[in-house]
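This report describes selected side-chain contacts and surface features of a protein model. Please consult the sequence and the structure shown below while reading.

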Amino acid sequence: MSIRKSMLLPGLVLMAGCVQAHPRPAPAQACRPAQAAAADAMVDKLNDWAAVDRFFREYRQCDDGGIAEGSSDAVAHLLANQWGTLPKLQALIQREPALRAFVLNHINSTLDTDDLNKIKQNASTSCPPSGASLCAGMRQAVEQALK
């Protein structure tokens with residue numbers, strides 16, 4: 001049996017008579033040097049959830065290394081010391097669900113243990129009913145970070 005190339009669909013691989021789909025990964029946007037410099041400068045200004053959201057939308061491709069550590073510190077500060085702003089974060093996540101994973105990924109082992117414990121305490125005792133899932137994710141992220 002011969003198969004002409006024109007009959008093969010992109011993203012499909014024929015193996016031993018079976019067809020398996022292999023989705024093509026979306027091309028990752030690279031962080032250009034000018035973007036990295038702007039992201040690095042913005043990290044110092046992540047003092048509210050609107051700024052974190054803006055950073056996420058504009059510079060997430062640059063969120064690595066020292067920049068990621070800075071954004072993790074900012075997320076931790078907001079969750080540990082400005083817990084009352086959680087409804088703002090919830091509203092932003094409702095508009096942009098991928099922001100949730102960004103925030104939870106920044107609750108990590110690079111953070112100060114005191115901040116991690118404050119985040120866990122806040123998420124355990126002061127979570128609004130509408131944020132139960134988000135708070136559960138925070139508690140799980142803290143547990144992973146403390147291992």
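## Arg-57 and its salt bridge

Arg-57 is partly exposed, because its relative accessibility is 42%. In this scheme, buried means under 20% relative accessible area, exposed means over 50%, and partly exposed lies in between, with a 1.4 Å probe and protein chains only. The side chain of Arg-57 meets that of Asp-53 in a salt bridge, at 3.0 Å from N to O. A salt bridge is defined as a side-chain nitrogen of Lys or Arg within 4 Å of a carboxyl oxygen of Asp or Glu. Both Arg-57 and Asp-53 belong to helix 2, where they are four residues apart, about one turn of the helix. Helices (H or I, at least four residues) are DSSP runs, numbered from the N terminus.

## Basis of the model

The model is predicted: local features need pLDDT of at least 70, side-chain atom pairs count only at pLDDT 80 or more, and totals for chains, interfaces and linings use all residues. Residues are numbered from 1 along each chain as its sequence is written, and side-chain values use heavy atoms, with hydrogens and water left out.

Side chains of opposite charge can pair when their charged atoms come close. The structure holds three salt bridges. Asp-53 counts as buried because its relative accessibility is 2%. Asp-53 also forms a salt bridge with Arg-95, at 2.9 Å from N to O. Asp-53 lies in helix 2 and Arg-95 in helix 4 (residues 86-95), so this pair ties together parts that are 42 residues apart in sequence.

## The Glu-143 and Lys-120 pair

Another salt bridge joins Glu-143 and Lys-120, whose closest N and O atoms are 2.3 Å apart. Since Glu-143 lies in helix 7 (residues 132-146) and Lys-120 in helix 6, the pair ties together parts that are 23 residues apart in sequence. Glu-143 is partly exposed at 35% relative accessibility, and Lys-120 is partly exposed with a relative accessible area of 30%.

## Aromatic contacts

The structure holds three aromatic pairs. Rings of Phe, Tyr and Trp (its six-membered ring) pair if their centres lie within 6.5 Å; planes under 30 degrees apart count as stacked, over 60 as edge-to-face and the rest as tilted. The ring centres of Phe-55 and Phe-102 are 6.2 Å apart and their planes stand at 45°, so the pair is tilted. Phe-55 lies in helix 2 (residues 49-59) and Phe-102 in helix 5, so the pair ties together parts that are 47 residues apart in sequence. Both Phe-55 and Phe-102 are buried.

Phe-56 and Phe-102 form a tilted aromatic pair, with 5.1 Å from centre to centre and 55° between the planes. This pair links distant parts of the chain, Phe-56 in helix 2 and Phe-102 in helix 5, 46 residues apart. Phe-56 is buried, as is Phe-102. Phe-55, Phe-56, Tyr-59 and Phe-102 form one aromatic cluster.

## Position of Asp-112

Asp-112 is found in the loop between helix 5 (98-105) and helix 6 (113-125). Asp-112 is partly exposed, with a relative accessible area of 43%.

Conventions. Helices (H or I, at least four residues) and strands (E, at least two) are DSSP runs, numbered from the N terminus.
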